[in-house]
Amino acid sequence: MRSINKFLITLSALLLVFASTFAVSAQVNMSKESFGRTADGQEVQLFTLTNKNGMEARIMDYGGIVVSLKVPDRTATLGDVVLGLNRLDDYLKGHPYFGALIGRYGNRIAKGRFTLNGVEYKLAVNNGENHLHGGIKGFDKVVWNAKYVKTTKGEVSLVLTYLSKDGEEGYPGNLDVKVVYTLTNNNELRIDYTATTDKDTVVNLTHHSYFNLKGEGNGDILDHKLTINANRFTPTDAGSIPTGELKSVIGGPFDFTKSTAIGARINQPDQQLQFGKGYDHNYVLNGRMGTVHLAATVFEPTTGRVMEVFTTEPGIQFYTGNFLDGTLTGKSGKVYQQRYGFCLETQHFPDSPNQPKFPTTTLRKGQTMHSTTIYRFSTRK
Ligand code: GLA
């Protein structure tokens, strides 16, 4: 009798394990479809990744752009929390880096110049007199090699690779870049970056999604409550180039050490806010560079959505969509006005190649650069 009971218990446990495994693999999904062609005829694919909770990311191989990201609110209703456009052509016409991978260098390099090993390199200048987000044709505008894979944990990844040739946009070295987007069953969009070079160079990769946790197009982001785990930021000149100072945020409009509405102080008469037309600044994260640490938390009270940002990077650019001006219409037909999205771009600090006191962005021949960022979604009351 006892052994029959034992047998039945073991059998039902096995069935349970089988059922849950089956349920996971039944729902985790990946598919791809054509999204059109670039001006030079390259075909662009749009990949759809779904996790076991129904969270869905759509990412294209052009620019590694996250086109949509559907996450549940507190009533379990999915909503698309990133700004984006409907058709490839809309992206090709020009947009402010919506959802894109940024490289070789996220944010600005002053006057597009830096010196490495005694050689001065001149980069493409595309933002006033400065170099921004990798230049005229950065990683946001190239078609990456893409394949999707199922991980050993039963999750889905999109593996993107790109070889940036020696001299591209003025940078030295053939840079081999790999970016892996993983949609985890813990409702995370995880991004793993690696890069190697055959000549000493500089590199600073990031991701440029504009988030609105109310759903894209549903108004501005000023009521979102933000915490940034940083006691200091890097103030800039009028051209958004860091002065080199690491300035305390405590007590001023840049202080997000405690959860505060993004809009609470955005219009204060502060010179840094005036330079950025709002927040457009790099924060010096308190967490330890090289280990995954919590950089920021955002809470949207009406939907209950929470986004936590974890990273191995030393900095994060907090940008409040100050240059959005109503000229772009989003995926669901709503016009994107100023401050309809915010970016939290994990990174090394802007202009590091010209700032010897900042953590270095130099990648030596033979070294491998690794970096991880996780956007985790959940809800609360
Ligand atoms: C970054 C920059 C901003 C702006 C946006 C894109 O966040 O810091 O100044 O260029 O990208 O529009």
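**Entry 1**

I began with D80, which counts as buried at 14% relative accessibility. For this label I used these limits: buried is under 20% relative accessible area, exposed is over 50%, and partly exposed lies in between, with a 1.4 Å probe and protein chains only. I note that the model is predicted, that local features need pLDDT of at least 70 and side-chain atom pairs pLDDT 80 or more, and that totals for chains, interfaces and linings use all residues. Residues are numbered from 1 along each chain as its sequence is written, and side-chain values use heavy atoms, with hydrogens and water left out.

I then looked up the partner of D80: its side chain meets that of K331 in a salt bridge, at 2.7 Å from N to O. D80 lies in strand β5 (residues 78-80) and K331 in the loop between β25 (328-329) and β26 (335-336), so the pair ties together parts that are 251 residues apart in sequence. K331 is also buried, at 15% relative accessibility. A salt bridge here is a side-chain nitrogen of Lys or Arg within 4 Å of a carboxyl oxygen of Asp or Glu. Strands are DSSP runs of E with at least two residues, numbered from the N terminus.

**Entry 2. Other salt bridges**

I searched the whole structure and recorded 14 salt bridges. Side chains of opposite charge can pair when their charged atoms come close.

One of the pairs is E56 with K70, whose closest N and O atoms are 3.7 Å apart. Because E56 sits in strand β3 (residues 56-60) and K70 in strand β4 (residues 66-72), this pair ties together parts 14 residues apart in sequence. E56 is buried, at 18% relative accessible area, whereas K70 is partly exposed, at 30%.

I also examined R87, which forms a salt bridge with D90 at 3.3 Å between the closest N and O atoms. R87 is partly exposed at 48% relative accessibility, and D90 is buried with a relative accessible area of 19%. K93 belongs with R87 and D90 to a network of salt bridges.

**Entry 3. A positive patch**

I found a positive surface patch formed by R74, K225, R380 and K381. Patches are made of residues with over 30% relative accessible area and no salt bridge; like charges are joined within 9 Å, and nonpolar side chains (Val, Leu, Ile, Met, Phe, Trp, Tyr) within 5 Å. Lys and Arg count as positive and Asp and Glu as negative, while His and the chain ends are not counted. The place of a charge is NZ of Lys, CZ of Arg, CG of Asp or CD of Glu. Accessible areas come from the Shrake-Rupley method with a 1.4 Å probe, and for residues only the protein chains shown count as cover.

K225 counts as partly exposed, at 32% relative accessibility.

**Entry 4. Strand pairing**

I traced an open sheet of five strands, paired antiparallel in the order β19-β18-β21-β24-β27. β19 (247-248) and β27 (343-347) stand at the edges with a single partner strand each, so one side of each has no neighbour in the sheet. Two strands pair if DSSP finds at least two bridges between them. Strand β24 (residues 315-319) pairs with β27 in the antiparallel sense over five bridges, and G315 has Q347 of β27 as its bridge partner.

I next looked up strand β29 (residues 368-379), which nine bridges join to the antiparallel strand β14 (residues 188-197). In this pairing L189 stands opposite Y375. Strand β23 (residues 305-311) also runs antiparallel to β29 and is joined to it by seven bridges. Here R305 stands opposite T379.

**Entry 5. Backbone exceptions**

Most residues other than glycine have a negative phi, and most peptide bonds are trans.

- The peptide bond from G103 to R104 is cis, with omega near 0 degrees. R104 is in the loop between β6 (100-102) and β7 (108-109).
- N187, not a glycine, has a positive phi of about 55 degrees. I located N187 in the loop between β13 (175-183) and β14, and at 11% relative accessibility N187 counts as buried.
- D351, also not a glycine, has a positive phi of about 55 degrees. D351 lies in the loop between β27 and β28 (362-363) and counts as buried at 3% relative accessibility.

Note on methods: Helices (H or I, at least four residues) and strands (E, at least two) are DSSP runs, numbered from the N terminus.
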